[in-house]
Amino acid sequence: MRSFSRYPVLVEAEGEILDNIESQVSTAVSNVQSGTVALQKAKNRQKSTRKRMCIAILILLIIVDVIVVGVLKPWKSS
């Protein structure tokens, strides 16, 4: 009869453990969702930054071309 008296304590302890696991799983789900949102934002920022960088390089190349053509002027005869 003594061994049966320990069951309520064990059941209560297991219930607390299950509640703790459920809480941790819920926290993990929340963290994964916020991580997914952060990754999407980072992807969009990277795409935008890449476009700006390409435009800046293109503008720089045009400026260099204008300077080189202006300095050399191979078609102008003196």
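What share of the 78 residues of the protein counts as buried? The share is 0%, where buried means under 20% relative accessible area, exposed over 50%, and partly exposed in between (1.4 Å probe, protein chains only). The model is predicted: local features need pLDDT of at least 70, side-chain atom pairs count only at pLDDT 80 or more, and totals for chains, interfaces and linings use all residues. Residues are numbered from 1 along each chain as its sequence is written, and side-chain values use heavy atoms, with hydrogens and water left out.

The protein has 1 helix and 0 strands. Helices (H or I, at least four residues) and strands (E, at least two) are DSSP runs, numbered from the N terminus. Helix 1 spans residues 7-72. The protein exposes about 7,700 Å², by the Shrake-Rupley method with a 1.4 Å probe. Carbon and sulfur atoms supply 65% of that area.

Like charges are joined within 9 Å, nonpolar side chains within 5 Å. Glu12, Glu16, Asp19 and Glu22 form a patch of negative charge. Glu16 lies in helix 1. Lys43, Lys47, Arg50 and Lys51 form a patch of positive charge. Lys51 also belongs to helix 1. Lys51 counts as exposed because its relative accessibility is 55%.

The nonpolar patch covers about 860 Å². Its members include Ile55, Ile59, Val68 and Leu72. Leu72 is placed in helix 1 and is exposed, at 60% relative accessibility. An unreviewed UniProt entry annotates residues 53-72 as "transmembrane region"; such annotations may be inferred rather than shown by experiment. This span is 100% helix and 0% strand. Its end C-alpha atoms lie 28 Å apart.

Definitions and conventions
Patches are made of residues with over 30% relative accessible area and no salt bridge: like charges are joined within 9 Å, nonpolar side chains (Val, Leu, Ile, Met, Phe, Trp, Tyr) within 5 Å. A salt bridge is a side-chain nitrogen of Lys or Arg within 4 Å of a carboxyl oxygen of Asp or Glu. Lys and Arg count as positive and Asp and Glu as negative; His and the chain ends are not counted. The place of a charge is taken as NZ of Lys, CZ of Arg, CG of Asp or CD of Glu.
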